[in-house]
Amino acid sequence: MEYNFFATIARTKYIERWALMRNTRQENLSEHSMEVSMIAHALCVIGNVRYDKKLNEEKAALMGIYHDASEIITGDMPTPIKYYNKDMKETFKIIENEANKTLLNQLPEDMKPYYEKLFFKSEEYAYEWKLVKAADKISALIKCMEEEKTGNREFVKARETISATVDRLAEDMPEVGDFVRDFLGAYNKTLDELN
């Protein structure tokens, strides 16, 4: 039997983010997922190295890769719609869960248990899931910074809102504050300045 899971996941490159915003450069879900994965991994490493936590950085990186996979089915729902009110948020969470189940059903039965942990939150990796969510916000903040750097003012309000969210996350997760302090500023540098 032939299974469609990986071919379907590969379609993340066709899902464009920030649909309601004028972008100087489009960002697709594949790019975003890679960035979230990288940042989630770093947040766990910071937690382990600096705060003596026992986080599974590899699991967090994998969670980051698949964190928005449901959007292959649902599309990237704009934030103002997705979070319009409590009912809308809960309804969309149900839709995302159903989309994730649909994706997982494209795997052979013997592989599903390994991937379910990457698609659905569990107590075992509760803190890693929080860090993936924080990495998602940091990635969105980076996108806003990149757009602003090109002179695109379309992302100014989004940056302010997301920056405030990241600051709140840092109050409970010191890894987030450390990442922002140690790494975020470099995203404003030119290639020559990075080198």
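Which side chain is joined to that of N23 by a polar contact of 3.1 Å? In this predicted model, the partner is K143, whose side chain forms that polar contact with the side chain of N23.

When neighbours within four places in sequence are left aside, the contacts of N23 are R17, W18, K143, E147, N152 and F155. The backbone of W18 deserves a look of its own, for its phi is near 60 degrees, which is a positive value in a residue other than glycine.

Helix α2 covers residues 29-51, a run of 23 residues. From its first C-alpha to its last the helix reaches 31 Å, which is close to the 33 Å expected at 1.5 Å a residue.

At the N-terminal end, α2 is capped by N28, which has a side-chain oxygen 2.9 Å from the backbone nitrogen of S30. After the helix comes D52, with a positive phi near 55 degrees, although D52 is not a glycine. D52 has its place in the loop between α2 and α3 (57-66). Is D52 buried or exposed? At 59% relative accessibility, D52 counts as exposed, because the cut-off for that class is over 50%.

## One face of helix α10

Helix α10 is formed by residues 174-183, and within it E175, V176, D178 and F179 are buried. Seen down the axis of α10, these buried residues fall within an arc of 165 degrees, so they line one face of the helix.

What do the buried residues of α10 pack against? They pack against three helices, namely α2, α8 (126-149) and α9 (156-172).

## F92 in helix α6

F92 has its place in helix α6, and at 7% relative accessibility it counts as buried. Not counting residues up to four places away in sequence, F92 touches T74, M77 and K82.

## The largest pocket

Rolling a probe the size of a water molecule over the atoms shows where empty space is left. The largest pocket of this model has a volume of about 1400 Å³, and its lining is made up of 42 residues. Those that lie nearest its centre are K82, Y83, K133, D136 and K137; K82 is also one of the residues that F92 touches.

Several helices share in this lining, for α5 (79-82), α6 (86-104), α7 (112-119), α8 and α9 each supply at least two residues. Which helix gives the largest share of the lining of the largest pocket? That share comes from α8, which supplies eight residues. Helix α8 is also one of the helices against which the buried residues of α10 pack.

Methods: Residues are numbered from 1 along each chain as its sequence is written. This is a predicted model: local features need pLDDT of at least 70, side-chain atom pairs count only at pLDDT 80 or more; totals for chains, interfaces and linings use all residues. Side-chain values use heavy atoms; hydrogens and water are left out. Helices (H or I, at least four residues) and strands (E, at least two) are DSSP runs, numbered from the N terminus. The expected span of a helix is 1.5 Å times one less than its number of residues. A polar contact is a pair of N or O atoms within 3.5 Å; within protein, one must be able to donate a hydrogen and the other to accept it, and residues adjacent in sequence count only if both atoms are side-chain atoms. Buried means under 20% relative accessible area, exposed over 50%, partly exposed in between (1.4 Å probe, protein chains only). The arc is that of the directions from the helix axis to the C-beta atoms. Contact means heavy atoms within 4.5 Å. On a 1 Å grid over the protein atoms alone, a cavity is a set of points where a 1.4 Å probe fits but cannot get out, and a pocket is an open set with protein on both sides within 12 Å along at least five of seven lines; lining residues have an atom within 4 Å of a point. Grid points are joined across faces, edges and corners, and a volume is the space filled by probe spheres set on the points.
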